[in-house]
Amino acid sequence: MIRSQSKKSTNSFYSYISLSIITKNNRFTVSVLPVEKNKTKVDYLRYFIDCIKKLNFKVKVLCLDREFYSVDVFEFLQNKKIPHITPVVRRGKKIKKMLIGR
């Protein structure tokens, strides 16, 4: 259970992270994990990438939501040479430097 700013009269809620594989005509949820305070987004990405490898799939593009907008995530994915798409706001010197080019 996560505690945060009040939304719709509650400040406690469950949070989870999921991995789905999307093809031309289908979407398959492969894994769903509860979010834990002591784990980073990179920890979850590592786990999911291992799942993808175990299933003998190749990542064409990893589509992430805005919660994954962080330098740590981008550096991890770039070091692993995993193509990815994430909604981004160009703020901060480090992010601007990373977003040069394609």
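Of the 21 residues in the largest nonpolar core, those that touch the most other members are Leu-45, Leu-64, Val-73 and Leu-77. A nonpolar core is here a set of buried Ala, Val, Leu, Ile, Met, Phe, Trp, Tyr and Cys residues joined through side-chain atoms within 4.5 Å. Buried means under 20% relative accessible area, exposed means over 50%, and partly exposed covers the range in between (1.4 Å probe, protein chains only). Two or more residues of this core come from each of β3 (16-22), α1, α2 and α3. The most is given by α1, with seven residues. Helices (H or I, at least four residues) and strands (E, at least two) are DSSP runs, numbered from the N terminus.

The model is predicted: local features need pLDDT of at least 70, side-chain atom pairs count only at pLDDT 80 or more, and totals for chains, interfaces and linings use all residues. Residues are numbered from 1 along each chain as its sequence is written, and side-chain values use heavy atoms, with hydrogens and water left out.

**Helix α1 and its surroundings**

Helix α1 has 14 residues and reaches 20 Å from its first C-alpha to its last, close to the 20 Å expected at 1.5 Å a residue. The expected span is 1.5 Å times one less than the number of residues in the helix. The buried residues of α1 are Val-42, Tyr-44, Leu-45, Phe-48, Ile-49, Cys-51 and Ile-52. These buried residues pack against β3, β4, β5 and α2, where contact means heavy atoms within 4.5 Å.

Cys-51 belongs to helix α1 (residues 41-54), while Ser-31 is part of strand β4 (residues 27-34). Leaving out residues up to four places away in sequence, Ser-31 touches Ile-17, Ser-18, Leu-19, Tyr-47 and Phe-48.

**Contacts of Leu-64 and Thr-86**

With residues up to four places away in sequence set aside, Leu-64 touches Leu-45, Val-73, Leu-77, Ile-85, Thr-86 and Pro-87. Thr-86 itself is placed in the loop between β6 (84-85) and α3 (93-98). Beyond its neighbours within four places in sequence, Thr-86 is in contact with Leu-64, Asp-65, Phe-68, Tyr-69 and Phe-74.

**An aromatic pair**

The structure holds two aromatic pairs. In one of them, the ring centres of Tyr-69 and Phe-74 are 6.0 Å apart and the planes stand at 75°, so the pair is edge-to-face. Rings of Phe, Tyr and Trp (its six-membered ring) pair if their centres lie within 6.5 Å; planes under 30 degrees apart count as stacked, over 60 as edge-to-face and the rest as tilted.

**Accessibility of selected residues**

| Residue | Relative accessible area | Class |
|---|---|---|
| Phe-74 | 4% | buried |
| Ser-31 | 10% | buried |
| Thr-86 | 12% | buried |
| Cys-51 | 15% | buried |
| Tyr-69 | 27% | partly exposed |
| Asn-56 | 69% | exposed |
| Lys-81 | 73% | exposed |

**Positive phi values**

Most residues other than glycine have a negative phi. Just after α1, however, Asn-56 takes a positive phi of about 60°; Asn-56 is placed in the loop between α1 and β5 (62-63). Lys-81, which is not a glycine either, has a positive phi of about 55°. Lys-81 lies in the loop between α2 (71-79) and β6.
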